[in-house]
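Thank you all for making the time this morning.

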Amino acid sequence: MRLGVFTPLLSQLPIKDVRAKLDALHINTVELATGNYPGNAHCDLSMLKNASALKEFKRVLEDHGISISALSCHGNPLHPDPTQAKQAQAVNRETILLAEELGVSVVVDFSGCPGDSPNAKAPNWVTCPWPPEYLEVLVWQWNEVVAPYWIKRAEFAALHKVKIAIEMHPGFVVYSPETMLRLRAIAGPSIGCNYDPSHMFWQGIDPIAAVRVLGDAIFHVHAKDTQLYPVNLSRTGVLDTKPYTDERNRSWIFRTCGYGHGAEWWKEFVSTLRMFGYDGVLSIEHEDSLLSPEEGLKKAAQFLNEIVIKEEPTDAWWV
């Protein structure tokens, strides 16, 4: 297992300077964003139509010893606004093609969320089964929008030898292990998850227990923490819609690794990942509103470098 960094937090730097900064943190692996919500500071999809630019990008990666854990294009490909949906879908499609060109096996995206009917203008995230029309909306979403899109997109990804890692996030139809496995059962084994434990914490899901539920459906992992505030949680519950910058009044906020949970928890987390077959990258994602990106990255790297399991087990006398 090794550390990586999701680079939007370093978007002000060119890719070669990103590598120089990460050297000091003993990291040489990056997760690059290609568009949609994270933007595309370090990985421009126009390279697909420019052979010389693609060649130069590959040269920079090789010259600076940069490996890529995943290409990420978090968007809403199921948005009820056709223009927004087509844009997100196009970015996903091109990201899969670029991943193939770069020899990257994983593309990260959200599942998306449709509206409540063909005439909807905004996404509609269903969170309870009653009144009964909510379940009718959910059935329509999965049968008429979610399944048709993701079955075809999974086939396309498999054709290009790429796996799609869906990030489970509230607000989208896939937000929990159960909904993740439901989509995987529908679309097939080229669909799995980008596992971010911070999104489990604030839903009241034990992230370590969820690793056991997801098993080999985990394709990629984000390293990000969450801190819960019981004094506010008892008032607001977990579905807190206050701005992330309203830290004093929110029931939870995202934290740099180690600031929500300590080393003991993270050691068990990475050990359980290894136990269930994941030996890839922990990609540091910074969304801590109390720490600058510079400090958040540095502290997360220092913390996790002492925790990740870096060597394969060897045979011993007791085996």
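Let me start with strand β1, residues 2–6, which is mostly covered, since four of its five residues are buried. Before I go further, please keep in mind that what you see is a predicted model.

On one side, β1 pairs with strand β10, residues 281–284, in the parallel sense and over four bridges. Within that pairing, arginine 2 stands opposite valine 281, and glycine 4 has serine 283 as its bridge partner. β1 also runs parallel to strand β2, residues 29–33, to which it is joined by two bridges, and here phenylalanine 6 is found opposite glutamate 31. To get from β1 to β2, the chain passes through helix α1, residues 15–23, in a β-α-β crossover that is right-handed.

Now to the sheet as a whole. Eight strands close into a barrel with parallel pairing, and their order is β1-β2-β3-β4-β5-β6-β7-β10. On average, and ignoring direction, neighbouring strands of this sheet are turned by 30 degrees against each other. Helix α5, residues 177–187, packs on the sheet, where it touches β5 (163–167), β6 (191–195) and β7 (218–223), and the direction of α5 makes about 155 degrees with that of β6.

I would like to stay with β7 for a moment. How many of the six residues of β7 are buried? The count is six of the six, so β7 is largely enclosed by the rest of the structure. β7 pairs with β6 in the parallel sense over three bridges, and in that pairing asparagine 194 has histidine 220 as its bridge partner. Three bridges also join β7 to β10, and these two strands run parallel as well; here histidine 222 stands opposite serine 283. You will remember serine 283 as the bridge partner of glycine 4.

Let me turn to the interior. As general background, nonpolar side chains in soluble globular proteins tend to be buried together. In this model the largest nonpolar core has 81 residues, and the members that touch the most others are Trp150, Tyr195, Phe269 and Ile284. Helix α4, residues 133–159, gives the most to this core, with eight residues. Apart from that core lies another one, of five residues, which include Ala70, Val106, Val108 and Ala165.

Finally, the charged pairs. Side chains of opposite charge can pair when their charged atoms come close. The structure holds 13 salt bridges, and I have picked out a few.

In one of them, glutamate 56 is joined to arginine 59, with 2.6 Å between the closest N and O atoms. Why are these two separated by about one helical turn? The two residues are three apart in helix α2, residues 51–63, which means that about one helical turn separates them. Glutamate 56 counts as partly exposed, at 38% relative accessibility, and arginine 59 is partly exposed too, with a relative accessible area of 38%.

Another salt bridge is formed by aspartate 216 and arginine 184, whose closest N and O atoms are 3.6 Å apart. This pair links distant parts of the chain, 32 residues apart, with aspartate 216 in the loop between α7 (207–214) and β7, and arginine 184 in helix α5. Are the two partners buried or exposed? Aspartate 216 is exposed, because its relative accessible area is 59%, whereas arginine 184 counts as buried, at 17% relative accessibility.

The side chains of aspartate 240 and arginine 250 also meet in a salt bridge, at 3.9 Å from N to O. These two residues are ten apart, and both lie in the loop between α8 (230–236) and β9 (252–255). Aspartate 240 and arginine 250 are both buried.

Note on methods. Residues numbered from 1 in each chain as written. Predicted model: local features only at pLDDT ≥ 70, side-chain atom pairs only at ≥ 80, totals over all residues. Heavy atoms only, no water. Core = buried A, V, L, I, M, F, W, Y, C linked by side-chain atoms within 4.5 Å. Buried < 20%, exposed > 50% of the residue type's maximum accessible area, 1.4 Å probe, protein only. Pairing = 2+ DSSP bridges. Right-handed = clockwise from strand over helix to strand, strands pointing away. Axes fitted to C-alpha atoms, helices over the stretch in contact; angles between N-to-C directions. Contact = heavy atoms within 4.5 Å. Salt bridge = Lys/Arg side-chain N within 4 Å of Asp/Glu carboxyl O.
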